[in-house]
Amino acid sequence: MRVSLIPIDDLDTYMYMFDDEIQNDSFMFEQKSRGMGSSGFSWKLKDHPKLAKGKTVAVVVLDGWGEANPNQYNCIHVADTPTMDSLKKGAPERWRLVKAHGTAVGLPSDDDMGNSEVGHNALGAGRIYAQGAKLVDIALETGKIYEGEGFKYIKESFVDGMLHLIGLLSDGGVHSRFDQLQLLLKGASEHGAKRIRVHILTDGRDVSDGSSVGFVESLENDLAKLCEKGIDAKIASGGGRMYVTMDRYENDWDVVKRGWDAQVLGEAPHKFKSALEAVKKLRESPGANDQFLPPFVIVDDNGKAVGPIVDGDAVVTFNFRADRMVMLAKALDYEKFDKFDRVRFPKIRYTGMLQYDGELKLPSHYLVSPPEIERTSGEYLVHNGIRTFACRQVVRRYCLFLLLLFETVKFGHVTFFWNGNRSGCFNPDMEEYVEIPSDIGISFNAKPKMKALEIAEKARGAILSRKFDQVRVNLPNGDMVGHTGDVQATIVACKAADEAVKVSLLRMILDAIEQVGGIYVVTADHGNAEVMVKRNKKGEPLLDKDGNVQILTSHTLQPVPIAIGGPGLAPGVRFCQDLPGAGLANVAATVMNLHGFEAPSDYEPTLIEVYDE
Ligand SMILES: O=C(O)[C@H](O)COP(=O)(O)O
Ligand SMILES: [Mn+2]
Ligand SMILES: [Mn+2]
């Protein structure tokens with residue numbers, strides 16, 4: 001779908017255009033935006049009784065920015081963050097916390113930490129959907145997974161072919177879960193799979209570094225039990241998730257190629273007789289960690305790879321989350337493919353755990369249907385910002401324009417996830433998606449400021465251009481650097497994110513009276529940088545066997561802040577007092593109000609009220 005990268009002159013950067021939509025959607029959009037369709041459904045939102053239209057709204061998402069008790073391992077607290085501090089202290093009735101984890105964002109339980117997919121889904125959709133993790137749990141529990149079209153499709157390969165399972169070996173619950181893999185192995189063998197190979201990706205990002213060893217041990221035990229039952233089941237290849245396979249948003253295709261070579265071709269720089277030996281040995285190299293383990297293949301006594309993927313085999317990618325599986329799914333599913341030399345393109349039956357991209361229908365076969373997230377706030381707003389298609393050039397102030405800004409590493413967060421796991425935009429004449437290319441091939445603790453200032457400056461330029469009614473920005477620093485576990489670098493990252501908020505908003509506020517008169521919403525998608533150490537039940541930092549604190553690289557269960565303000569905000573607007581349990585899904589209705597609209601009645605309630613002064 002994504003076809004061309006077009007320079008935008010005044011922003012000195014690039015905009016993605018979606019050709020197949022440009023041709024047809026203008027007409028469709030015009031029809032739809034006239035209001036009632038044949039079903040009686042209308043995109044038209046009611047006017048807000050008290051809040052005016054036409055304000056520029058900047059929505060800033062600080063990725064991985066949670067609220068937690070102040071201490072030395074709370075990098076947001078330690079970092080100098082005057083902008084965020086002033087939002088908190090400056091107007092208490094316009095600052096609050098919202099839930100960003102667990103059932104509040106559609107995860108199976110309140111022990112599940114938040115993540116970007118579920119966080120941005122909730123922010124954009126305004127409702128809480130049962131997410132992939134939960135849908136897969138249900139499908140496995142009820143056995144429905146084995147009755148679906150996807151499983152029947154791969155089953156045809158079980159007679160003569162091998163079943164390959166590729167995915168993240170972890171119980172992080174962000175991209176995959178180990179217990180789901182265990183159930184799938186058991187279920188597939190009970191439903192006819194006789195030869196099974198698992199291609200593992202070690203984690204150390206959503207779970208502790210070093211935990212790969214335990215997961216591999218457990219998996220090898222499970223596979224040994226299957227072997228006792230006469231099933232030929234082995235681990236065939238592996239590698240660290242950030243170096244092998246799980247790139248995202250087409251940041252670095254070499255990552256996917258390394259995985260392809262090991263998983264499909266059976267080739268890798270490291271060869272071992274067992275995965276446990278592989279992981280233990282590779283972790284001994286200086287600086288090695290689970291996230292970045294090099295690719296390896298498991299070989300038999302003759303040095304031959306035990307499980308390359310060949311014609312007639314079945315393949316399942318068992319991650320339920322889309323972003324870091326889409327690239328491999330393309331390589332496995334697309335006949336036409338030019339991102340790297342696949343050498344061989346085996347004729348396989350391939351299914352994803354879920355369908356990863358509803359718009360691209362990728363992959364075409366899948367085991368569990370993804371959440372059907374529809375009527376997202378972005379789509380409503382686009383439909384409500386324009387009276388007729390023809391007026392967009394002439395009467396700018398009636399048009400709602402969205403500008404989305406992000407680094408490549410978060411490309412899909414404020415677009416794909418925000419729009420309900422839908423690639424592309426709703427109307428290319430109304431939306432611009434601007435990507436600031438991320439550095440590739442580095443761990444972000446080496447450059448913790450990332451591109452925050454570039455993003456902020458583009459946001460400032462976009463706000464002042466007055467071409468856009470909503471400018472949506474993702475600042476990735478707290479999250480991307482938090483995942484490295486480098487506390488000092490994460491402190492620098494938090495400061496950089498705070499500085500970026502200042503650059504984009506301060507200018508807006510200073511220039512606003514005469515120029516823009518806008519409104520800002522600053523929030524986050526989940527916690528990360530505020531808790532960088534593991535703790536025991538008493539709250540004391542846990543130590544490893546050498547007496548060092550155990551670093552937490554993952555997200556957290558913490559709530560996140562939301563602050564609103566700006567000269568365009570009506571004086572009587574404040575957060576309601578009666579929604580103590582509100583979460584990220586309440587933000588969409590809030591933003592719609594700030595654009596001067598009532599939210600649809602099935603959206604989670606708005607966080608704001610307007611009192612008469
Ligand atoms: O994919 C990742 O980087 C982590 O597993 C989760 O981080 P995110 O949810 O912030 O993207
Ligand atoms: Mn995130
Ligand atoms: Mn993250």
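I began with polar contacts across the interface of domain 1 and domain 2: the rule finds eight residue pairs, both at pLDDT 80 or more. A polar contact here is a pair of N or O atoms within 3.5 Å, one able to donate a hydrogen and the other to accept it; residues adjacent in sequence count only if both atoms are side-chain atoms.

The model is predicted: local features need pLDDT of at least 70, side-chain atom pairs pLDDT 80 or more, while totals for chains, interfaces and linings use all residues. I number residues from 1 along each chain as its sequence is written, and ligands from 1 in the order written.

I looked up the domain bounds, which come from an automatic or database assignment. Domain 1 is 53-130 + 372-610, and domain 2 is 133-368. Their contact (heavy atoms within 4.5 Å) takes 27 residues from domain 1 and 24 residues from domain 2.

I then checked salt bridges (side-chain nitrogen of Lys or Arg within 4 Å of a carboxyl oxygen of Asp or Glu). The count between the domains is one. I also noted Arg422 and Glu359, whose side chains meet in a salt bridge at 3.7 Å, N to O.

Next, the manganese ion (ligand 3). Donors are N, O and S atoms within 2.8 Å of the metal (3.2 Å for Na, K and Ca); water is not among the atoms, so sites may look incomplete. The manganese ion (ligand 2) is 4.4 Å from ligand 3.

Last, I checked burial (under 20% relative accessible area, 1.4 Å probe, protein chains only). Asp479 is buried at 1%, and His483 is buried at 3%.

Technical notes
Side-chain values use heavy atoms; hydrogens and water are left out. Buried means under 20% relative accessible area, exposed over 50%, partly exposed in between (1.4 Å probe, protein chains only).
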